[in-house]
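Here are some notes to read with the model open beside you. Take the points one by one and find each residue as it comes up.

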Amino acid sequence: ERAAVEAALTRFLAWHDRPGARTVVATEPRLRAEVQLPDGQTVTLHGYADRLELDEAGDVVVVDLKTGKYPPTGPQVAQHPQLGLYQLAVDHGAADGLVGRSASSGGAELIQWRHGDDQPKVQRQDAPDRSGPRLVEEQLAAAASTLRAEEFVARPGSHCDRCAFQAICPDKTSGSVLS
């Protein structure tokens with residue numbers, strides 16, 4: 001574990017000193033945006049991003065720093081809700097005050113410190129196609145509807161492999177845990 005931490009720190013330092021690094025706008029900024037979803041619901045997004053950077057076109061790239069052992073696959077990154085939410089927030093004004101103008105998302109990245117050679121593994125989600133509803137808007141609309149309806153159905157998936165609640169999950173048990 002110590003060797004893994006040393007390697008991650010070495011990648012961190014190399015990444016910061018890399019040629020062509022983008023301009024850092026903010027580290028751990030608070031993001032807040034009100035979003036009207038395609039189904040008519042309005043939600044408020046608020047949270048923090050690890051880093052905001054400006055790309056060559058002046059668009060905001062959201063960078064999320066990761067230290068986990070299991071990075072998502074390429075297809076998972078393309079549909080990654082966290083990265084999509086960051087970009088949606090940026091496109092709805094969350095970074096405007098930080099950059100001093102109306103900002104647009106230039107994509108989002110997961111920087112995997114535990115993975116890579118000299119540099120960390122960079123997993124990119126490109127800026128969305130703005131011609132129709134975004135995947136993250138559909139995901140968010142479904143989540144908002146579920147919360148507002150207060151119907152929390154078990155949704156099995158790969159996340160179940162590491163879940164601490166399998167013993168009481170209605171998807172994993174054959175009967176009721178209540179008597």
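1. Let's start with a word we'll need: a residue is called buried when its relative accessible area is under 20%, exposed when that area is over 50%, and partly exposed in between. With that cut-off, E109 is buried, because its relative accessible area is 8%. Keep in mind as you look around that this is a predicted model.

2. Now see who E109 pairs up with. One partner is R22: the two form a salt bridge, and their closest N and O atoms are 2.7 Å apart. R22 sits in the loop between α1 (2-16) and β1 (23-27), while E109 belongs to strand β6 (residues 105-116), so this pair ties together parts that lie 87 residues apart in sequence. R22 counts as buried too, because its relative accessibility is 18%.

3. E109 has another salt bridge, this one with R124, where the closest N and O atoms are 3.4 Å apart. Here a residue of strand β6 meets one of strand β7, so the parts tied together are 15 residues apart in sequence.

4. Salt bridges with shared partners join R22, R51, E53, E109, R124 and D126 into one network. Searching the whole structure turns up 9 salt bridges.

5. Next, have a look at D91 and R134, whose side chains meet in a salt bridge with an N to O distance of 2.4 Å. D91 is in helix α3 and R134 in the loop between β7 (120-125) and α5, so to speak distant parts of the chain, 43 residues apart, get linked by this pair. R134 is another buried residue, because its relative accessibility is 10%.

6. On to Q41, which you'll find in the loop between β2 (30-36) and β3 (42-48). Is Q41 buried or exposed? With a relative accessible area of 14%, Q41 is buried. Its side chain has a polar contact of 2.7 Å with the side chain of D39, and another polar contact, of 2.5 Å, joins the side chains of Q41 and R148. Leaving aside residues up to four places away in sequence, Q41 touches V35, Q36, A141, A144, S145 and R148.

7. A quick stop at G93, in the loop between α3 and α4 (96-99). G93 counts as partly exposed, because its relative accessibility is 27%.

8. Last, the empty space. Rolling a probe the size of a water molecule over the atoms shows where such space is left. The largest pocket has a volume of about 490 Å³. Its lining is made up of 17 residues, and Q76, P81, S158, H159 and R162 are the ones nearest the centre.

9. The largest share of the lining, 4 residues, comes from α5. Sorted by class, the lining of the largest pocket has 8 nonpolar, 6 polar and 3 charged residues.

Notes: Residues numbered from 1 in each chain as written. Predicted model: local features only at pLDDT ≥ 70, side-chain atom pairs only at ≥ 80, totals over all residues. Heavy atoms only, no water. 1 Å grid on protein atoms, 1.4 Å probe; cavity = no way out; pocket = protein on both sides within 12 Å on 5 of 7 lines; lining within 4 Å. Points joined across faces, edges and corners; volume = space filled by probe spheres on them. Helix = DSSP H or I, 4+ residues; strand = E, 2+ residues; numbered from the N terminus. Nonpolar A, V, L, I, M, F, W, Y, C, P; charged D, E, K, R; others polar. Salt bridge = Lys/Arg side-chain N within 4 Å of Asp/Glu carboxyl O. Buried < 20%, exposed > 50% of the residue type's maximum accessible area, 1.4 Å probe, protein only. Polar contact = N/O pair within 3.5 Å; in protein donor to acceptor, adjacent residues only side chain to side chain. Contact = heavy atoms within 4.5 Å.
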